[in-house]
Structures are given as C-alpha cells and as structure tokens.
Amino acid sequence: MSQQTNDFTKWYIDTIQKADLMDYTPVRGCIAFKPDGYEIWEHIQSEMDRRFKETGHRNAYFPMLIPESFFQKEKEHVEGFSPELPWVTEAAGEKLEERLALRPTSETMIGYLYSNWIKSYRDLPVLINQWANVFRWEKKTLPFIRTSEFLWQEGHTAHENEEDARKETMQMLNIYKDVVENVLAIPVYDGQKTPSERFAGAVDTYSIEAMMKDGKAVQAGTSHYLGTKFAEAFNIKYLNRENKHVHVHTTSWGTSTRLIGSVIMVHGDEKGLVLPPKIAPTQVILIPVGPWKKTPAIIEKLEEIQKALKEKGIRVRIDDSDQSPGFKFNEWELKGVPVRIELGPRDLENNQVILKARDEDEKITVSIESVVEAVEKELETMQQRLYEKAKAFRDANSHTDIDTLDQLKEHITNCEKNGTIPGWILGGWCGDDACEAKVKEETKFTSRNIPFNPPTTKHTCITCGKEAKHTVWFGRAY
C-alpha cells in the first residue's frame, strides 16, 4: 500500500518538509515559509492581484490590532470568531484599557473606517483589497491547510444597493474559480453555503470547494454578501441620489495560503510534489549527465539553453552541483519541478537533449534547436494534463447515487473495508438545520455547498426523506 493511501497526512508533511517549503517555529501553529514555499504564494498572489486590478479593485492595508468593542457591534460576527481570537492585554509593561484582538478578518476595522470615508453616493463603490496575515487560534493544525497564523487576501467593498453588491460577490467568486482551475489546475464545485456553514455575519456565503487525493474537501475560496448588517453595526451611511441617508451594502471575499496545501494534496505523488507550471518556482531544471566535467561544452550549451528559456520568461536553473545525476533527478522530482532536461556527451554529439515531464514516466528526445519550443509546449500541455487528471479523480469520487443516510453509512463502511476513499456524495436536503447536523453527527460528512450546476437534482432529503429543497455536496473536510 502506498504512503498516500496508508497515511495521507504523514505523506503530506513528509513531502512539504523534504521539498523544503516550510519549517516549524516554537509557536504552535505558526510556520516559516521557506523561499520555494513563499514563491509559490507569490505566483498565486500575482495572478489574483492582476485580476483584482482589472476589475477596478485597489490594494490598501489596515491595522492588525482590533479593539474588542468593535467585535461587540456585530453579534453573529463576534460569536463566530470569539473562540479563535488571540488577545493583546498588555503593552509597554502596562495593562491596556481595552483588549486588542489580532485580526481574524477585518470587517470590523474596515467597517469603522468606511463609516468615515463614505458620505455620498459619489464615494461609491469602494473596491478595496488587502494582502495581509490573520490569526485564528486553531486547536488542530496542519501546515498551509490550517495554521494559527496564515497569509491571505481579503476584499472589502461597499455599494449603493443590493444588486451591485451581489454582482460583486459573484464576480469575485468567479475570479477565484478562474485562478484555482486555470492557474492551480484544481477543479472546483462552486455554490452557496448552507446557513450553518456561512460566514459569521453574512447574509449569503458562496464558496469554491476542491477535493484532495484523500477525498477530503478544502474550501478554496469564499465570497460573502453582507447586506447592510455591518453597515448598520458601524453606521456606514451615505446620501443617496434622492437626498436621503441610507446604509451601504457590503461584501467581503478571501482566499489564503491553504491554496498551497491544496496544490500539494491534489497533484502530489509518491515521489513528492508535482507543481503546475504556472506557479512552480523553478519551471525547468537543466542537469548535465555523464562525465560532463571533462566536457566544458556541455555546461556552455546548457547556459545557452538557459539564456534562451529565460528570454521567453521561463523560470529555469542549472544544477551543476557535485551530486550524482540520480540524486539530482530525485531531488528535483521531490521539489515538483515541471520539466527536467538532461544533456551528456553523447547527447551533445547528436545535437539533442533528453526532456522529462514531472508527471509523465517517459523521457523524450528533442533536438537542441527546438528545445525552447518543446519546453513551452510541454509546460502548456502539463498544466492542462494536471487539471484533467485532477478532474477525472474528483469525478470518479463524486457519488450521485446515494439518497439516504443509511446508504451513506453503508458506503463509508464499504470504503473502510476496501481501503478506498469515500469521496463526496450529492444529497438532497429539506432545509432543516437538524437534518444537516445529523449527517455530520453520524458520518462526519459536512455540507460543502449547494452547487450552482449539480450533475443531477435530488428530490428527497438524505436524512428525513421529506421533499428536498436543495441539492447539496457532502464530504469530510479539512
């Protein structure tokens, strides 16, 4: 049995440590991002940021410390976050008059400031995003996926009316789907969260949900329509076109460094990381083989190839270390580098290189003249290939033929006996919170979302058998 199948969490931790993406720190749940780990985030960040700016959003920065009184203003919000808040109670040797929370999210601070910034309909819409760190004191942690401190972006917008705010909410969810599917090569189901799973203080929460190789779900991004709840709590009013003071409609939306964990869990294999080319810190590794030190022309040729690839914007390195070729192959496969090129004395004589894609078993021979074109093509096809593989896996483990709680329990039992993953199931739901809670209580499956485009429509509630109001994805989640 493979390590991925036998102990997925151990495989995951071993993989990220051997790939040198992060390190643990003395503070529980707080990790250090090593350069390769952080560069993956930088590539995700740049793809997101470009799309945000194309849709009129601008970046700003808000304080990390938030007064306790701010959380009291929106009742649902404080109840949702209270258990996870770390507090600052003392500074410069003196007790603070009011406790300050390390931000779990910034709706309260931003609501306070927007109430000062927004006075008239001419000030709207406000379209602001923040790249920052946030804190949620998690009981159970897993690097990148669930940590006490993590990096993210959080968008916060204010609009004249519900229609504009709802358009914004869906626009940002679609941007998330675009980035996760086309940049990270991870297929997602987009849909609306059930009331029990929505963001604390939101009117409606929408999400994209991704399936990992162990069948568990990761909530890969969320977008919230907040209505006028935060506007009322923080008195964000504006003079409208009819000369009346009314509350703005607000949204918030976010993705985080759990996307890095998702990439590893979706694409990784027994050899280590498999990185989609668009976010790989190193896209191509050039390795001299054979008695290359006796043939200086090999390194000279690799340097020529490196220069030509760099001119095309490809991130490329030469490994001319003293390690054996076998060691180097293993190391760069572990790091998930998409393309490896080998060049030895015989290859040089034949005016060729050997090209190997990280996710394929075969090596191919490419003439030196066409190596740049071949690499460009391979990076493009590998990006698409990874998406198709992940989608085939997800679809094979998304079950639409389970209609009752007993059938779900039987399905889980059979999977445990056979050593297979239970994946996700599509179930009907009557809309009663008690029915949703019973699924969780008896199977540990939680509602992921109510998909916009379900593969089929369910007509009876999986728990009580009454008429279903919603068709819902259920699965175990990180």
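How many salt bridges does the structure hold? The count is 36, where a salt bridge is a side-chain nitrogen of Lys or Arg within 4 Å of a carboxyl oxygen of Asp or Glu.

1. Basis of the notes. This is a predicted model, in which local features need pLDDT of at least 70 and side-chain atom pairs count only at pLDDT 80 or more, while totals for chains, interfaces and linings use all residues. Residues are numbered from 1 along each chain as its sequence is written, and side-chain values use heavy atoms, with hydrogens and water left out.

2. R448 forms a salt bridge with E209, with 3.2 Å between the closest N and O atoms. Because R448 belongs to strand β22 (residues 446–451) and E209 to strand β10 (residues 204–211), the pair ties together parts that are 239 residues apart in sequence; helices (H or I, at least four residues) and strands (E, at least two) are DSSP runs, numbered from the N terminus. R448 is buried at a relative accessible area of 5%, and E209 is buried at 0%, where buried means under 20% relative accessible area, exposed over 50% and partly exposed in between (1.4 Å probe, protein chains only).

3. The side chains of E68 and R99 meet in a salt bridge at 2.8 Å, N to O. This pair links distant parts of the chain, with E68 in helix α4 (residues 68–72) and R99 in strand β6 (residues 94–102), 31 residues apart. E68 counts as partly exposed at 22% relative accessibility, and R99 likewise counts as partly exposed, at 33%.

4. K307 and E311 form a salt bridge whose closest N and O atoms are 3.1 Å apart; both residues lie in helix α10 (residues 296–311), four residues apart, about one turn of the helix, and both are exposed. Elsewhere, a network of salt bridges links K271, E333, R340, E342, K356 and K363.

5. Packing of α14 on α15. The axes of helix α14 (residues 405–418) and helix α15 (residues 433–443) come within 11 Å and cross at roughly 25 degrees, the axes being lines fitted to C-alpha atoms over the stretch in contact, with angles running from 0 to 180 degrees between N-to-C directions. That angle makes α14 roughly parallel to α15, since angles under 35 degrees count as roughly parallel, over 145 as roughly antiparallel, 65 to 115 as roughly perpendicular and the rest as oblique. The contact (heavy atoms within 4.5 Å) is made by L405, L408, K409 and I412 of α14 together with K438, V439, E442 and T443 of α15.

6. An enclosed helix. In helix α9 (residues 258–267), ten of the ten residues are buried, so this helix is largely enclosed by the rest of the structure. Among its buried residues are R258 and H267.

7. Backbone points to inspect. A cis peptide bond, with omega about -5 degrees, joins L124 and P125, and P125 is placed in the loop between α6 (107–117) and β7 (126–135). A92, in the loop between β5 (87–91) and β6, has a positive phi near 55 degrees and counts as exposed at 84% relative accessibility. N243, in the loop between β12 (237–239) and β13 (245–247), has a positive phi near 70 degrees and counts as exposed at 60%. Most residues other than glycine have a negative phi, and most peptide bonds are trans.
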